[in-house]
Amino acid sequence: MELAGALAELRNFILPCDYPDLELENMKIILVDGSPRVLSGFSEKSSGIVDKKLKELGVEIILNTHVKDYKEDILQLSTGNSIIACNVFWTAGVKANSIQGLPKECYGHSGRLIVDEFNHVTPYEDVFAIGDTALMTLPDYPKGHPQVVQPALQQGKNVVKNLERLQKGKPLKPFDYFNKGSMATIGRNSAVVELKHLNFGGFIAWCMWLFIHLISILGVKNKLFVMMDWTWSYFRYDPSLRLLIKPVVKDKTDVKSAPETADEIQQTLNNSSSVNSQKETIRS
């Protein structure tokens, strides 16, 4: 979703200035989602905000559809339809890497290791897993915790404390995830924010998204440079990155068709023999 919004803004604001000769009306951005709504991990209100904003940017949205195959610039969909696309960006998530030596029973959805409330890898008592690779199913999180940084940080701190408790012979403390909220940016001046008892979108949410990411950058100098770069890009529509684009036009008139009939094949062989004879004469 975020990538679709970024590509749409690139097409709408950057490319027309840098490459006015490109036929940008032929550049289509299509978002294919297997869920019944975009950003299904958020509330329906936030999904509605995202859906509306993406369509305003010119993004076509296809829901309840999966990608089955992509070959020779043709994207095959689960509905039986196909899309001609020269570029396909896969953003449907990640799959955890498996570890040699652990049986298949240890793995759950998307290759994540099944753990208990103490992050023990089932059925082991001395093997722990945290973050994206851990699948802890709870009533509030039937598909495991979100694969973002906060669950990984909080699980890591809890595992460290539990290791200290093991050394002291104390009982382990179960993991209790504190959800600090979720954010997603759609594009310029638009984002969605979901807190525990509040969710909203728009310009204020976008400013909050910028502020949170800015304070997470290490060093005052780095914060200042990033803020200056963001400010310049916001007012000038002039990012520091550039693309070198050279259109390739295939001229079909230069491609000779292959001989089909027996007479055409024989004529081709005769021409080839005549050329070879001329080469031998020249060499002599």
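This note sets out numbered points on the structure shown above.

1. Basis of the model. The model is predicted: local features need pLDDT of at least 70, side-chain atom pairs count only at pLDDT 80 or more, and totals for chains, interfaces and linings use all residues. Residues are numbered from 1 along each chain as its sequence is written, and side-chain values use heavy atoms, with hydrogens and water left out.

2. Overall architecture. The protein has six helices and ten strands. These elements are DSSP runs numbered from the N terminus, with helices being H or I of at least four residues and strands being E of at least two. Of the 284 residues in the protein, 26% are buried. Here buried stands for under 20% relative accessible area, exposed for over 50%, and partly exposed for values in between, with a 1.4 Å probe and protein chains only.

3. Contacts and surface. Among contacts in the protein with a separation of 6 or more, 41% link residues 24 or more positions apart; a contact requires heavy atoms within 4.5 Å. Accessible areas come from the Shrake-Rupley method with a 1.4 Å probe, and for residues only the protein chains shown count as cover.

4. The salt bridge. One salt bridge is present in the structure, the term being applied to a side-chain nitrogen of Lys or Arg within 4 Å of a carboxyl oxygen of Asp or Glu. The partners are Asp-51 and Lys-55, whose closest N and O atoms are 3.2 Å apart. Because Asp-51 and Lys-55 are four residues apart in helix α2 (residues 44–56), about one helical turn separates them. Asp-51 counts as buried because its relative accessibility is 18%, whereas Lys-55 is exposed at 52%.

5. Helix α3 and Asn-162. Asn-162 lies in helix α3 (residues 149–168). This residue is buried, as its relative accessible area is 0%. With neighbours within four places in sequence left aside, Asn-162 is in contact with Phe-118, Leu-172 and Lys-173.

6. A positive patch. Lys-173 also belongs to a surface patch of positive charge, together with Lys-157, Lys-161 and Lys-180. Patches are made of residues with over 30% relative accessible area and no salt bridge; like charges are joined within 9 Å, and nonpolar side chains (Val, Leu, Ile, Met, Phe, Trp, Tyr) within 5 Å. Lys and Arg count as positive and Asp and Glu as negative, while His and the chain ends are not counted. The place of a charge is taken as NZ of Lys, CZ of Arg, CG of Asp or CD of Glu. Lys-157, one member of the patch, is located in helix α3 and counts as exposed at 58% relative accessibility.

7. A nonpolar patch. Leu-224, Phe-225, Met-227 and Met-228 make a nonpolar surface patch of about 390 Å². Leu-224 is part of helix α5 (residues 220–236), and its relative accessibility of 42% makes it partly exposed.

8. Trp-230. Helix α5 also holds Trp-230, a partly exposed residue at 31% relative accessibility. Not counting residues up to four places away in sequence, Trp-230 touches Leu-210, His-213 and Leu-214.

9. The peptide bond from Thr-122 to Pro-123 is cis, with omega near 5°. Pro-123 is in the loop between β6 (113–114) and β7 (134–135). Asn-64, which is not a glycine, has a positive phi of about 55°; the residue sits in the loop between β2 (59–62) and β3 (67–71). Glu-72 likewise is not a glycine and has a positive phi of about 55°. Glu-72 occupies the loop between β3 and β4 (74–77) and is exposed, with a relative accessible area of 71%.

10. His-197. This residue is placed in the loop between β9 (190–194) and β10 (199–202). At 74% relative accessibility, His-197 is classed as exposed. The C-alpha atoms of His-197 and Gly-181 are separated by 9.5 Å, the two residues being 16 residues apart along the chain.
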